Amino acid sequence: MVDAGDLARSAHRFTHLEFLREAMEAACKCEALPGAFSVGCVIVTHWPELHSPPIKLSTGYSRELPGNTHAEANALSKVDALSTADLMEVFGQQPPSTKDILKNADVYTTMEPCSVRTSGLSPCANALIEANVRRCFIGVKEPTDFVVCEGAKKMADIGIEIIWLEEVADECLAIARKGHPLQP
Ligand SMILES: [Zn+2]
């Protein structure tokens with residue numbers, strides 16, 4: 001029999017950095033492409049209260065879903081795809097809607113959510129803004145290898161709290177550039 005108090009305490013041990021490390025592990029699964037970054041993302045919520053222990057909702061990484069898909073969009077679409085039965089398993093008989101759980105969500109991503117997509121797909125920053133997530137923990141700012149990214153600024157402008165986890169920035173950048181030609 002698992003004690004609820006023990007569960008809560010063990011969940012609390014997961015620090016923000018640990019979730020970011022899980023996102024880094026996801027990023028390592030990306031198929032490396034010289035023209036794109038390898039990024040990982042984990043989405044966590046706190047329910048029923050903001051101070052409730054974190055509950056992991058989904059993980060995503062670049063190109064995991066078909067097409068030139070991005071980590072954050074993939075993780076978000078997995079949350080959107082949760083069925084009532086899935087939600088009941090986690091939240092009990094009367095589960096909140098995915099819209100509600102996303103309001104309390106913390107997004108952990110190894111690289112700044114994109115604000116410009118050359119592929120025509122919607123940028124991840126826009127998707128996270130539409131999902132109305134609460135906070136976004138980021139490993140590293142998107143370098144200007146391909147485009148100038150303003151994802152973090154866009155999200156901060158509408159009130160999403162942005163937290164940079166600088167301790168892992170170099171590591172996240174190295175993973176992101178896997179398979180790229182050497183930088184000058
Ligand atoms: Zn993106």
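Helices (H or I, at least four residues) and strands (E, at least two) are DSSP runs, numbered from the N terminus. In these terms, L50 is found in the loop between β1 (40–46) and β2 (54–61). This is a predicted model, in which local features need pLDDT of at least 70 and side-chain atom pairs count only at pLDDT 80 or more, while totals for chains, interfaces and linings use all residues. Residues are numbered from 1 along each chain as its sequence is written.

## Overall fold

The protein has eight helices and five strands. Along the sequence they follow the pattern α-α-β-β-α-α-α-β-α-β-α-β-α. The C-alpha trace spans about 55 × 30 × 30 Å along its principal axes. The radius of gyration (taken over C-alpha atoms) is compared with a globule rule of 2.2 Å times the number of residues to the power 0.38. For 184 residues a compact globule would have a value near 16 Å, and the protein agrees, with 16 Å.

A residue is buried if 20 or more other C-beta atoms lie within 10 Å of its own, exposed if 12 or fewer, and partly exposed in between, with C-beta atoms placed from the backbone. Buried residues make up 37% of the 184 residues. Two residues are in contact if their C-beta atoms, placed from the backbone, lie within 7 Å. Of the contacts with a separation of 6 or more, 70% are between residues 24 or more positions apart.

## The sheet

Two strands pair if DSSP finds at least two bridges between them. An open sheet of five strands has the order β2-β1-β3-β4-β5, with mixed pairing. Its edge strands, β2 and β5 (161–164), each pair on one side only. The twist averages 20° from one strand to the next; axes are lines fitted to C-alpha atoms, for helices over the stretch in contact, and angles run from 0 to 180 degrees between N-to-C directions.

β3 (106–111) and β4 (135–140) pair in the parallel sense over five bridges, and M111 has V140 in β4 as its bridge partner. β4 and β5 also run parallel, joined by four bridges; here C136 is partnered by I162 in β5. Five of the six residues of β4 are buried, so this strand is largely enclosed by the rest of the structure.

F137 is found in β4 and is buried, with 21 other C-beta atoms within 10 Å. Beyond its neighbours within four places in sequence, F137 is in contact with H16, L20, D106, V107, Y108, I163 and L165. L50, by comparison, counts as exposed, with 12 C-beta neighbours inside 10 Å. The table gives one C-alpha separation for each of these two residues.

| Pair | Separation along the chain | C-alpha distance |
|---|---|---|
| F137 and L20 | 117 residues | 7.6 Å |
| L50 and C172 | 122 residues | 28 Å |

A nonpolar core is a set of buried Ala, Val, Leu, Ile, Met, Phe, Trp, Tyr and Cys residues joined through C-beta atoms within 7 Å. The largest such core has 45 residues, of which C41 and I43 touch the most other members. Helix α2 (residues 16–27) gives the most to this core, with six residues. Leaving aside neighbours within four places in sequence, C41 is in contact with A23, A26, T59, G60, A71, E72, A75, V107, Y108 and T109.

The 12 residues of α2 reach 17 Å from first C-alpha to last, close to the 16 Å expected at 1.5 Å a residue; the expected span is 1.5 Å times one less than the number of residues. F19, L20, R21, A23, M24, A26 and A27 are the buried residues of α2. They pack against β1, β2, α3 (71–80), β3, β4 and α8 (169–176).

Helix α3 lies across β1, β2 and β3, running at about 130° to β2. Seven of its 10 residues are buried, so α3 is largely enclosed by the rest of the structure. These are A71, E72, A73, N74, A75, L76 and V79, and they pack against α2, β1, β2, α5 (98–103), β3 and α6 (124–131).

Helix α4 (residues 84–91) is hardly covered: among its eight residues the count of buried residues is zero. Just after α4, G92 takes a positive phi of about 95°.
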